[in-house]
Amino acid sequence: MAEPRIRILIAKPGLDGHDRGAKVVARALRDAGFEVIYTGLHQTPEMIVSAAIQEDVDAIGLSILSGAHNVLFPRVMELLRERRADDIVVFGGGIIPEDDIPGLRAAGIRQIFTPGTSLAEVVRWVRENVRPRGVAA
Amino acid sequence: MSITRDRIEELREARRHWEQTTLRRTLERQPERPWRFTTISDMPIERLYGPEDIADIDPLDDIGLPGEYPYTRGIHATMYRGRLWTMRQFAGFGTAEDTNERFHYLLRQGQTGLSVAFDMPTLMGYDSDHPRSLGEVGREGVAIDTLADMDVLFDGIPLAEVSTSMTINAPAAVLYAMYVALADQRGVPRSRLRGTIQNDCLKEFIAQKEWIVPPRPSMKLAIDTFEFSVRETPQWNPISISGYHIREAGATAVQELAFTLADGIAYVQGGIDRGLDVDTFAPRLSFFFDVHNDFFEEIAKLRAARRMWARIMRERFGAQNPRSWMLRTHCQTAGVSLTAQQPLNNVVRTAIQALAAILGGAQSLHTNSLDETYALPTEEAVTVALRTQQILAYESGVANTVDPLGGSYFVEALTDRMEEEAWRYIRRIDELGGMVNAIELAYPMREIAEASYHYQQQIERKEKIIVGVNEFVSDQPQPIPILKIDPEVERRQVYRVQRIRAERDNAKVQACLAELRRTAESGGNTMYPIVEAVKAYATLGEICDVFRAVWGEYREQAVI
């Protein structure tokens, strides 16, 4: 039986309108064969978590530039736990200083891609780390 | 150029001969590098340019003299020999107090104009205590909720002497009203206010994406500020038509040039449709371009922009005043070109880009700081960025003569090519019924998304090299200090706006907001009631809520 296609939500939390990175990553993941859903801009953590659950995704990729990641990324994780959907793999990227990464990982964000990451690296990481939910590893 | 046709033929013949002899021998001995020679925007570049490549460019009609139509060589006859460009570093973070302190620091370091960066909630028209502002207050710029914040922001700064640029778009009318109200409070005549509000809603829909209401009412608000500005603040620039964000969102240089001028066309048409005489407001339109890594492409872009705008204003709109024909521009080095890897290299990139802006004839310049792929700049990093401009201005000698690259076979040919390709886009936008229609069809957004994906793929395939990122990579980290914004800033700002709401005359605020709503609904100029509302300490969010109530909130059609 063919393995079900992995579904990924690419989301832009917060108010910044810099969607170049999110869109380029979304396209690269789609070209690599994943199913990609893009939220569009200016999403609250609540909107992102609802969309993820509704769309039954296996992973969420968060992209942010505004410096609000330390508040908004952990908030997404908290809401996923509250709604018992914390088996969704969450990764992130954007303008994120190295110093902030340990805190974000501690909050449950599995990987942070900093500026200059190649699309191939993101695709490889998703292939290696995201499995369809509800399927035994 | 001024060479006769016969001489051009001789040159062409000489070139053919050279290709068959000298060039051929060289290529046999040493082939060229296996590299696609293109600009960063993927425009092909020839091996050599000569007089025959610019034979169709008229030295008088197309290039002309500086300070004269079509201004290809610059808008002033003496350019930087008369006055250097304005060194205007963009600054804003934390609270109004924090930013005010940075302003005073920059002015002491020799900066010659102020430029305010606002935080995301301010750009989106939300107060600091709005649920959507969570985590964003004071982070990417300064938080401004009310006139009280504005007063602190400009504490000790003489409004009649310093020119102030404000990077604000969707709520530009409100921040502009606050600046005017502050001048009124301090007894500074409105006629002496000098500065710029970015106020370019069209590029927000295309690229930067900090919007409030849909494109058409956004245009109406912009034209309200034009009209108010013509009457009340004649030295003020009510808009800075911006290519910067279009480029940063992934556009090519040609797309940046074309979409920016097409936006300009839409604003001029908007002013004329309002009944304004084009020559009353066109001289106060200003521009803002990005300056990326490809040195000659950027110089050509700026020269082409001036020539095209002059032609648009004179030929398309029939403007009579030469000041209406001049494209005055601020430039900023390309933030998107900076790398988090080996950040010290960013100083070099910025210096090259700044040189291109100067050789391209900019009126004002912001140089990015080396740490901006991580956060807003530290004081040390912004000082190096400012010193870069000062070294160019005072040590390099590039400001000694006007348009030193004018007449370069390559630069003139490239200027011409940029112009030709940009006209093609502008014609397409005209066919779609103008820029507002084109935006509603998401046309420029799709073009930019395509270009940015293409560029990223070129980087992946190493067809474009980025030092320290896909080549010359180093394992040695190069740690640099990063400016941290204390989360306490948000709490303090939330407290401040709530205190103001509690202490002000709320009945008066409600009356002002009701008056604004009536004006907006009836189609009148909203600037006058906005000035009254900000004087009563209505908040930015409350005023923008009136816009949302009357015109609806904009929702994008998200495309990948």
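Q: How do I read the pairing of strand β3 (residues 114–117) and strand β4 (residues 164–167) of chain B?
A: Strands of a sheet pair through backbone hydrogen bonds, either parallel or antiparallel. In this predicted model, β3 and β4 of chain B pair in the parallel sense over four bridges. Strands are DSSP runs of E with at least two residues, helices are runs of H or I with at least four, and both are numbered from the N terminus. Two strands pair if DSSP finds at least two bridges between them.

Q: What is the order of the strands in the open sheet of chain B?
A: The five strands run β2-β3-β4-β5-β6, with parallel pairing. At the edges stand β2 (90–91) and β6 (236–237) of chain B, each with a single partner strand, so one side of each has no neighbour in the sheet.

Q: Which helix packs on the sheet?
A: Helix α6 (residues 172–186) of chain B does, touching β4, β5 (195–197) and β6 of chain B. Contact here means heavy atoms within 4.5 Å. The direction of α6 makes about 150° with that of β4(B); axes are lines fitted to C-alpha atoms, for helices over the stretch in contact, and angles run from 0 to 180 degrees between N-to-C directions.

Q: How many aromatic pairs are there over all chains?
A: A pair of aromatic rings is described by the distance of the centres and the angle of the planes. The search of the whole structure finds 25 pairs. Rings of Phe, Tyr and Trp (its six-membered ring) pair if their centres lie within 6.5 Å; planes under 30 degrees apart are stacked, over 60 edge-to-face, and the rest tilted. B:Phe259 and B:Tyr443 have centres 6.5 Å apart and planes at 75°, so this pair is edge-to-face. B:Phe259 lies in helix α10 (residues 253–273) and B:Tyr443 in helix α18 (residues 443–460) of chain B, so the pair ties together parts 184 residues apart in sequence.

Q: Are B:Phe259 and B:Tyr443 buried or exposed?
A: Both are buried, where buried means under 20% relative accessible area, exposed over 50%, and partly exposed in between (1.4 Å probe, protein chains only).

Q: How should I read the numbering and the cut-offs?
A: Residues are numbered from 1 along each chain as its sequence is written, and chains are lettered from A and ligands numbered from 1 in the order in which they are written. Local features need pLDDT of at least 70, side-chain atom pairs count only at pLDDT 80 or more, and totals for chains, interfaces and linings use all residues, while side-chain values use heavy atoms, leaving out hydrogens and water.
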